[in-house]
Amino acid sequence: MSAAPARPTGEPRWLRWLLITVALMFLGLNLALPLAAVFVEGLRKGVAAYAAAITTPDAVSALKLTLTVAAIAVPLNIVIGLAASWAIAKFDFRFKSVLVTLIDLPFSVSPVVSGLIYVLLFGLQGWFGAALRDQDIQVIFAVPGLVLATIFITFPFVARELIPLMEEQGREEEEAALSLGASGLSTFWHVTLPNVRWGLLYGVLLCNARAMGEFGAVSVVSGHIRGRTNTLPLHIEILYNEYNFAAAFAVASLLAGLALVTLVLKSLLEWRFAGQLAGRGH
Amino acid sequence: MSVTASAVIKRFGAFTALDGISLAAREGEFLALLGPSGSGKTTLLRILAGLEFPDSGSISIGGVDMSDRPARDRQVGFVFQQYALFRHMTVADNIGFGLTVRPRKTRPPRAEIDRRVAELLELVQLPALGGRYPAQLSGGQRQRVALARALAVEPRLLLLDEPFGALDAKVRKDLRRWLRAVHDRTGLTSIFVTHDQEEALDLADRVVVMDHGRIEQIDTPEQVWERPATAFVCDFLGGANRVVAHAVAGQIDIAGVRLPNRAPAMPDGPASAFIRPHEFALAAPGAAGIAVVLRRILRTGAQAALETETRDGSVIEVTIAAPPEGLAPGAALVLVPQTVRAYPA
């Protein structure tokens, strides 16, 4: 199709090249270059310094905490997101639009406000602060607060990905399954879930990326206690504020590396299941 | 299995989809629900399947009240207009689904399921396509897979929602005859929804004509065609010319021509008369009948269709076997109705 100037929908060659160049330059300047800079800056003082920066006890603890928070928040959001989108797309009930709006709330509220909400609720001076202290439960400036803030921030990713997909697929397949004698649960398991698995995977990856990278809300509830409540993004900020740029970029490259791993994972899955992907849809 | 609906009412917000429907399908009967869109026929079918629930009234299948039972307990096969095949499963898995999801106690062994799937693939004439995905099939093939899937669970009743709606004309006709043959072979009580009167009359044992959530007529195809119960039915069956008439002493007077009423008897007074295109004879000007001017002649094979216009400008279609020699547009004619169906205007 390269040398077919007579194509009715074709654009002149110079325009095609111009558009492609603009797009590539934009991607290069805004995505590839900063990503490369993170790794280059991280390695500026040599591999040894890089290794040292990412193996300090504080960095290791921050990495562990980040993975722990994601490991709790992401599965919970998969369950809640699936339940919410299933309910919204496949059933009719009152106040459905209210629920849809609520799902969008974390996207429209500044992350700092999201963090403050939890401080106001669970902090020492907060609504439940005294009760929690009596039970010796610490939420704010502790892991539970980090998990709560992360769940709140990343809640829309799975649901937002699934609701339009499920709505587009309609209810007929579920109705067919029910009329064939399937229970509600096995209908969900055998019909609804397999139909949205690729959307779900995508939502989970986005959710995970944000869970590991969230800064604002987490920053408010964390208290920045080194080695205890510092996640990777917070640790990076501390290093940066201490003018320890090489170490900051080294740890940042770790975070960027985690993001790249999830992307590679997604591509691998898509490649592995290409046949099933081809068999879906109309 | 026999099916009964009694006084079923269903509203969606302010819209009344079903306004007191009662009907009974006999064991082994093939019933058509015929009506324009919005007449409530699909809603009725979904209520019979347990996919919707009536606001009032009851449904019984095989003499047992099923009004409150969900779809999964009704043992009803449902074929959707858009097939609703499970897109991520092969054809064989689709057909076997109803058996595979049974609880362990009642689930047949795998080999038995495979045998049943193979048998059904044979029945729907797709023996080689068990391994395909729905997206790889044509519309007609998908519809047959949907039917096989519904039959796999040995339903007591088969419900089909516009089963041929999404298919092209040729496939439609083949599939129609084939479906009737499958019905006659299985003896399964079947109810299908259609807006195509030809399909309903061609296929069904009895036709239920619906409009605005009410049943206008339930009868055999012959009766529905010959003696439409209401003006709506007569009009919906299509093709008939509607003319103004009067009922006088039990007869229908159309422009001086008096005929017995083929429709159910009506009181004397103004009437809407329906005359089908082939129910006219031509006469020379001056005779009793509807005076018209010929506008166009369309010769279609053995017949000719005449498009004529009355003095008040309304168009009447007439078909005749052999048009008289020398008949040309512009000629003045008189149309003499031979049969008429009239309803109170």
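I will go through a helix pair in chain A, the contact between chains A and B, and the fold of chain B.

Please keep in mind that this is a predicted model, in which local features need pLDDT of at least 70 and side-chain atom pairs count only at pLDDT 80 or more, while totals for chains, interfaces and linings use all residues. Residues are numbered from 1 along each chain as its sequence is written, and chains are lettered from A and ligands numbered from 1 in the order in which they are written.

Let me start with chain A. Helices here are DSSP runs of H or I with at least four residues, strands are runs of E with at least two, and both are numbered from the N terminus. The axes of helix 3 (residues 57–90) and helix 10 (residues 197–213) of chain A come within 9 Å and cross at roughly 145°, where axes are lines fitted to C-alpha atoms, for helices over the stretch in contact, and angles run from 0 to 180 degrees between N-to-C directions. Taking contact to mean C-beta atoms, placed from the backbone, within 7 Å, the residues that helix 3 of chain A contributes include Ala70(A), Ala73(A) and Gly81(A), and those from helix 10 of chain A include Gly203(A) and Cys207(A).

Turning to the two chains together, the contact takes 21 residues from chain A and 20 residues from chain B. On the side of chain A, helix 8 (172–179), helix 9 (184–195) and helix 14 (274–279) each supply at least two residues, and helix 8 of chain A gives the largest share, with 7 residues.

Now to chain B, which has 8 helices and 20 strands, and whose C-alpha atoms fill a box of roughly 80 × 45 × 35 Å, taken along the principal axes. Of its 345 residues, 43% are buried, meaning that 20 or more other C-beta atoms lie within 10 Å of the residue's own, whereas 12 or fewer counts as exposed and anything in between as partly exposed, with C-beta atoms placed from the backbone.

Within chain B, 5 strands form an open antiparallel sheet in the order 15-19-16-17-18, two strands being paired if DSSP finds at least two bridges between them. Strand 15 (280–283) and strand 18 of chain B stand at the edges with a single partner strand each, so one side of each is left without a neighbour in the sheet. Strand 16 (residues 290–300) of chain B is joined to strand 19 of chain B by 4 bridges, and Ile290(B) has Leu335(B) as its bridge partner in strand 19.

Finally, Ala328(B) is found in the loop between strand 18 (315–320) and strand 19 (332–337) of chain B, and Ala328(B) is exposed, because 8 other C-beta atoms lie within 10 Å.
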